[in-house]
There are 2 protein chains.
Amino acid sequence: MTADTLPTDAATPTLARPVVPGRGQLRGAGLGEVTLTGGFWATLQATNAGATLQHCLDWMERLGWLANFDRVAQGRTQAERPGWQFSDSEVYKLMEALAWEHGRTGDPAVEELFITLTDRVAAAQDEDGYLNTCFGHAHQAPRYSDMEMGHELYCFGHLLQAAVARLRTAGEDRFVAVARRVADHVHREFGPEGRVAVCGHPEIEVALAEFGRATGEPRYVELAQLFVDRRGRGLLTPVPLLSPAYFQDDVPVREATAWSGHAVRALYLAAGAVDTAVENADAELLAAVVQQWTRSVERRTYLTGGMGSRHQDEGFGDDWELPADRAYCETCAGIASVMVSWRLLLATDDVRYADLIERTIFNVVATSPRQDGRAFFYANPLHQREAGSDVRQDAENSRAEGGVRAPWFDVSCCPTNVARTLASLNTYFAAADEDTVTVLQYAPGELAVALDGGGQVRLRVDTAYPADGVVDVTVLSVPDRPVDLRLRVPAWASGATLTRGEEPDVPVPAGWLEVADVHEGERLVLALPTTPRYTWPDPRIDALRGTVAVERGPLVMCLESTDLAAAHDLEDIRIDPTVPLQDGDDGAVLARGAIQSTVGATGSLPYHASPAATRGATRPVDLTLVPYHQWAERGPAQMRVFIPATTAVGG
Amino acid sequence: MTADTLPTDAATPTLARPVVPGRGQLRGAGLGEVTLTGGFWATLQATNAGATLQHCLDWMERLGWLANFDRVAQGRTQAERPGWQFSDSEVYKLMEALAWEHGRTGDPAVEELFITLTDRVAAAQDEDGYLNTCFGHAHQAPRYSDMEMGHELYCFGHLLQAAVARLRTAGEDRFVAVARRVADHVHREFGPEGRVAVCGHPEIEVALAEFGRATGEPRYVELAQLFVDRRGRGLLTPVPLLSPAYFQDDVPVREATAWSGHAVRALYLAAGAVDTAVENADAELLAAVVQQWTRSVERRTYLTGGMGSRHQDEGFGDDWELPADRAYCETCAGIASVMVSWRLLLATDDVRYADLIERTIFNVVATSPRQDGRAFFYANPLHQREAGSDVRQDAENSRAEGGVRAPWFDVSCCPTNVARTLASLNTYFAAADEDTVTVLQYAPGELAVALDGGGQVRLRVDTAYPADGVVDVTVLSVPDRPVDLRLRVPAWASGATLTRGEEPDVPVPAGWLEVADVHEGERLVLALPTTPRYTWPDPRIDALRGTVAVERGPLVMCLESTDLAAAHDLEDIRIDPTVPLQDGDDGAVLARGAIQSTVGATGSLPYHASPAATRGATRPVDLTLVPYHQWAERGPAQMRVFIPATTAVGG
C-alpha cells in the first residue's frame with residue numbers, strides 16, 4: 001500500500017484501537033494510521049489472517065465449543081458439555097480478532113464470519129442479558145455458583161472486548177447490543193446494588209473499563225473500579241492446594257508491591273487497574289501498578305519478556321526465581337504483559353514500557369505461532385533438555401508444554417489470544433500527542449497519524465528490522481506548523497546514531513530521540529547496532545549462574561541441537577564469551593565454544609568430592625545461534641537461551 | 001537398656017519387621033534385635049512415641065477423619081464428608097505406627113489405643129469386606145467409580161500394611177481379620193476373575209505382597225503381581241493437565257528406565273515391584289527396578305536423598321532437573337525411597353542401597369518432624385530465598401510448602417508416614433544371613449541378632465554418631481562357631497580406619513567391611529572421618545552451577561540466615577571453597593566466605609551487558625553451617641544447602 005492509497009474510506013476505521021484512555025500522555029495509533037507493508041510483522045499479520053483465524057474456528061466447531069451456544073439457544077443443554085467452563089471466551093477472542101482484522105483490511109469474508117458467529121452467540125443470550133453456555137440452564141450448575149473457577153465474568157469480559165473492537169471498527173450492531181445487555185446484567189448483579197463478589201479470573205475489569213470508554217457509559221468504568229477495589233479481600237474461597245495469591249485475592253491491588261500468583265490473572269487485573277486509575281485520575285493506584293511493574297520486571301521476568309516461573313499455578317515465582325528449563329512464560333501472559341505496558345506507556349510516556357513491549361512481542365508473542373499459523377506454543381521455556389516429540393496435528397494437546405507447537409490445547413487460551421493481538425498489532429507501533437508523532441516499533445510501513453493539535457503526519461518507514469537495525473524514515477507530509485517526530489532508541493541499542501538529511505551522524509542515547517520541526521520530504525536514518533552481543537544474567541538468578549545468553553537487536557537468540565553435528569548433545573556445549581560474536585547467514589549468530597564431555601554413568605549421586613569429577617575432555621566447536629522465536633520450527637530440538645560459559649565468571 | 005534386659009519376653013516380638021522376603025541375600029533385623037539406647041535416633045523414636053502418635057490422633061479426631069468411620073457404621077453418611085478421599089489411609093498409617101510402637105516397647109497405652117481404633121474401623125466394614133468412608137454408601141459416589149483419584153485401593157493398602165505390623169507384633173486379632181476380609185474383597189473384585197483395573201495411587205501392590213508373606217497366602221502376592229503387571233498400559237483415564245506418567249500409567253514397570261511422575265506413587269510402585277520380583281524369582285523385573293534406581297539416583301535425586309523436583313505434580317523432573325529452591329522432596333517420597341532401597345538391599349546385598357538409606361533418613365526423614373514431634377515439613381527444599389512466616393499451630397496448613405514446619409496439612413500424608421517409619425526404624429539398622437551379622441546404620445545401642453545358621457550374635461555399639469564418626473563395637477557374645485561381622489563403610493567416609501583389639505589401625509575402603517571370625521569380648525573401632533567437606537554438584541545440574549555444598553559425615557549442612565548478622569541477606573553470601581572447613585560447636589561447621597553486595601534496584605530487566613553489572617563491593621565473612629535436618633528449628637529463616645562459590649569453577 002502506498003501513501004496514495006492510505007485508508008480514507010469510512011469502511012476502514014482509521015482511528016480504531018484497543019485502548020482509548022480518557023486522559024494520558026500519548027494517544028495510540030489507530031488501525032488505519034499504521035500500515036505494515038512487509039517484513040516480520042506484516043508476514044505474521046498475513047498468516048494470522050490467512051490461516052490462524054480459520055484454524056481457530058475449525059477447532060472450536062469440531063470440539064463443540066461453538067455448538068454449546070446452539071444447545072443453549074435450543075434448550076438442549078446437558079449435564080455434560082464439551083470444553084472447559086471458560087470455552088465461550090475462546091469464541092469471543094476469535095470474534096475480537098475478526099473485528100480487528102475486518103477493521104484493518106475490510107475483508108468481506110471476515111465480516112461475514114463475524115456476523116455468523118454473532119447470530120449463534122446472540123441466540124444463546126437469556127432474557128435478562130446473562131449469556132453463558134456452562135451455567136444457568138437445564139442440567140447445569142446455577143449461575144454464579146462457582147465464582148472461584150466458573151469464569152462467567154471472565155467470559156463476559158472477553159465478550160465485551162470483542163464488542164469494543166466491533167464498536168470501534170463497525171459501529172453499533174447486533175453484537176454490540178448483545179454486549180450492552182451483558183454489561184447491564186453484570187451491573188445489576190454485581191454493581192453497587194448487587195452482590196459483593198469478584199470472578200476467580202480477572203478480565204471483566206479491563207473489559208468493562210474499555211467498554212465504558214467505547215460506549216461513553218461511565219457506570220461501566222465505575223463497575224470496573226468496584227471489581228478492582230474488591231480484589232485482595234478474601235472474597236474467593238481458596239482452591240485446594242492453591243493459595244489466595246493464585247487469583248490475587250491475598251492483597252488489595254493498591255497494596256501489592258509485585259505481581260504474584262497466576263500470571264495471566266495478575267496481568268489482566270493490572271491492566272484493568274491502570275484503566276480505572278487513569279479514568280479516575282487515581283495517582284495512588286497508578287503508582288501501585290508502576291511499582292508492581294518495576295519490581296516484577298526487575299526480578300520476575302525472563303530475558304524474552306516472558307512472565308511466569310512456575311508450572312504449578314501458571315504463576316509468578318519469588319524474586320529471582322527464574323529457571324530456564326521450567327520457565328512457564330505462557331504466551332497469554334506475554335500478551336497480558338503487553339496490555340499492561342501499553343496502558344502504562346500511554347499514561348506516563350515512559351520509554352521503558354515500549355522497550356518491554358518490543359522484547360515481548362518479538363520473543364514471546366512471535367514465538368508462539370508456527371510459521372504456518374496452525375500450531376502454537378503455550379509455554380515458552382528458555383531451555384529444553386530433551387527434544388520434544390511431535391504432536392498429532394489432528395488432536396489437541398492436553399499438556400501445555402513439551403517443546404513442540406501444538407495445533408490446539410485442552411485449555412486453548414493462547415491461539416485465540418495470539419490471533420486478536422496480531423490482528424491489531426500495528427496499533428502498538430506509533431503514538432501521537434499535540435504536535436508530536438512517536439514511532440514506537442520499527443517495521444516497513446506507512447504512517448498517517450493524526451495529531452491531537454490538528455493535521456496529519458505521514459511517514460514512510462523502510463527497514464529490514466529486526467534483521468538489520470537501519471530504520472529509514474521519510475517524511476511524506478506534515479501540517480503547516482512546527483511538528484516533532486520522536487523515535488525510540490531501545491535500551492539495548494548502545495552506539496545508535498541518527499543521520500538527519502545531509503547532516504553528519506550523531507550518536508543517540510537510549511530513550512526517546514526527539515527530532516524537532518520535521519519537514520516534508522526530509523529523511524531520517526536511525527541506525528540501531530545489531531552487532532550480536534552477550535547478555536549476562538544478574539548474579540541473583542540462581543538458575544542461570546555461570547551462563548550467558550546472546551542477543552541481536554531486539555531478538556533473543558538460542559542454540560538448537562538442530563545446528564549441532566548429530567553426534568553432539570546440546571547439554572555438553574559451552575560457549576566462550578571471550579570470543580566476539582559474528583553475524584551468520586539469515587539472521588544467525590556465530591559463536592565459539594567447547595564440547596565438554598562428561599564421564600559416563602557413575603551409578604551414584606551426582607554430587608562429587610571434586611568439581612571436575614565427571615568432566616572429561618573438551619574440544620572446540622563452532623556454534624550457530626538462531627532467533628529464539630524460530631525455535632523448533634525445523635522439528636523438535638534441544639534448545640538453550642542461556643548457555644554455560646567456558647570461562648566461569650564468579651558467583 | 002543393658003544387655004541383661006534385652007527383650008526375651010514373648011510379648012515383645014523380637015523378629016517382627018516390616019519386610020520379610022521369601023528369598024534374598026539378607027534378612028533384616030527384627031524390632032527386638034536392635035535396641036537404640038540413646039543418641040540421634042533414639043531421641044527421634046522417643047519423641048515419636050511421646051508426642052507424634054497422640055498429635056496425629058488428636059488432629060484426625062478433630063477434623064472428623066476418624067468420625068468418618070463412625071458415620072459409615074451408623075449409616076449416617078452424607079454427600080459432604082470431612083477430609084480428602086484418601087483420609088482413611090492416615091488412620092491406617094497411624095495404626096501401623098501404633099502396632100510397631102507397641103511391638104517395640106510393649107506400651108499398654110499404645111495397645112489400648114490400637115484396639116479402640118480397631119473397633120471404630122471394623123464397625124465401618126461392609127458385609128462383603130469393602131471398607132471405605134468416602135465411597136459406596138448413602139449419598140456417596142459408587143465404589144470404584146473413580147479409579148484415577150478415588151484412592152480406594154490405596155487406602156486398603158495402608159490398612160493391609162497396618163495389619164502386617166499387627167500380625168507380626170501381636171498375632172491374629174480382630175484388626176487382622178478385618179484386613180483379611182478387605183484383601184479377599186480386593187481379590188474377588190480385581191483378581192484374575194475380576195475387573196482389569198489399577199488404582200491411581202500405587203500402594204496396594206506393596207501391601208498385598210507383604211500381607212501375603214505375613215499370612216502365608218500366595219494368592220495375595222499373585223494379586224500384587226497382577227496389579228504391577230497391569231500398570232503402564234493406559235488403564236487409567238488421564239487427569240486434566242496431568243500426563244499418564246503422573247500415575248505411572250505411561251509405560252509398563254519392566255520397561256521403564258527411570259522413575260517419573262508423582263514421586264511417592266512411582267516409589268511405592270517400585271517397592272511393590274521388588275517384592276513381587278523377589279517372590280517370583282523374576283530377575284527381569286528386579287533388574288528393571290535396579291536400573292530405575294540407578295538412573296534416578298544418578299540424575300534425579302537431591303544431595304539430601306530427596307526425590308521429586310516439581311511442585312506441579314509432586315513429581316520427578318527430567319534428568320538433571322534438580323532446582324534447589326523448588327525442590328519438592330516430599331517427606332513421603334523420602335520414606336518411599338527408603339522402602340525401595342531396603343527391599344533392593346535385602347535382595348542384592350549391594351551396599352549402595354544402605355548408603356542411600358543413611359543419606360535419606362538423616363537428611364529427609366529426620367528433617368520433617370520438628371524437635372517436639374508436633375509439626376512437620378511436607379516439602380524439603382534445599383534453598384529458601386525468603387524466610388517463611390510462622391504458621392498457626394491450631395490450623396492445618398493447606399499448602400505443603402513455605403519453609404516452616406506445620407502441625408497438620410490439608411493433604412496430611414507426611415506426619416503419619418513419619419510416625420510409622422520412626423516406630424520401626426531400628427529394623428533398618430542391621431541384617432543377618434547364615435553366619436554374618438551386618439551393621440548397616442550406626443547408633444548407640446544393643447544388638448542381639450539371630451543368625452540364619454543358628455545362634456545369636458550380641459553386640460554393643462557405643463558412638464556419638466553422627467556428631468562423631470567413631471563407632472565402637474563390643475562383641476558381647478557369639479555362637480560357638482566361626483561367625484563374621486560386617487560393618488558398612490559409607491561412600492562418603494574417605495580415610496576410614498578399623499582398629500581390631502590391640503592390632504594397629506588399618507585403612508578401610510568404602511563398602512562392606514568384613515571382619516572375620518569375631519569372638520566374645522573383642523572390640524572393633526571403626527573410625528569414619530567426619531571432617532567437614534565440600535561437595536560439588538555435577539556440572540550437568542544447571543540449577544546448581546557455580547555452587548558448592550558442605551557435608552559432615554552423613555549430614556548435609558546448610559547455611560541459615562539465623563547464623564548471619566541481622567544486617568546481612570543470605571542471598572548475598574558466597575563461600576570460599578579454597579579455605580578448609582573447620583568443626584564448630586554442637587556439630588556446626590565453620591567456613592569462610594564473602595558478602596557480595598549488589599547494586600540496588602535497577603528498574604530494568606535483570607540481564608546485563610557485563611557479568612559484573614550489578615555487583616558491588618565484597619567483604620569477607622565467617623560462616624557457620626548447621627545440619628540441614630535442623631533448619632528452621634530456631635524460627636523461620638532463609639536457607640541454602642548449595643552456596644554460590646567465590647571462586648568460580650567453570651561450567
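Started with the A–B contacts: 71 residues of chain A touch 71 residues of chain B, taking contact as heavy atoms within 4.5 Å. This is a predicted model, where local features need pLDDT of at least 70 and side-chain atom pairs count only at pLDDT 80 or more, while totals for chains, interfaces and linings use all residues. Residues are numbered from 1 along each chain as its sequence is written, chains are lettered from A in the order written, and side-chain values use heavy atoms, without hydrogens and water.

Next I looked up the buried area (accessible area, 1.4 Å probe, that two parts lose on being put together, summed over both). Chains A and B bury about 5900 Å² between them, with 51% of it on carbon and sulfur atoms.

Then salt bridges (side-chain nitrogen of Lys or Arg within 4 Å of a carboxyl oxygen of Asp or Glu). I get six between chain A and chain B. I noted Glu321(A) with Arg326(B), whose closest N and O atoms are 3.6 Å apart.

Which elements of chain A each give at least two residues to the side touching chain B? They are α10 (283-299), α12 (351-365), β14 (533-537) and β20 (607-608); helices (H or I, at least four residues) and strands (E, at least two) are DSSP runs numbered from the N terminus. I sorted that side of chain A into 30 nonpolar, 19 polar and 22 charged residues, with Gly counted as polar.

Last, strand pairing (at least two DSSP bridges between strands). Two bridges join β14(A) to β20 (residues 607-608) of chain B, running antiparallel. Trp536(A) has His608(B) as its bridge partner there.
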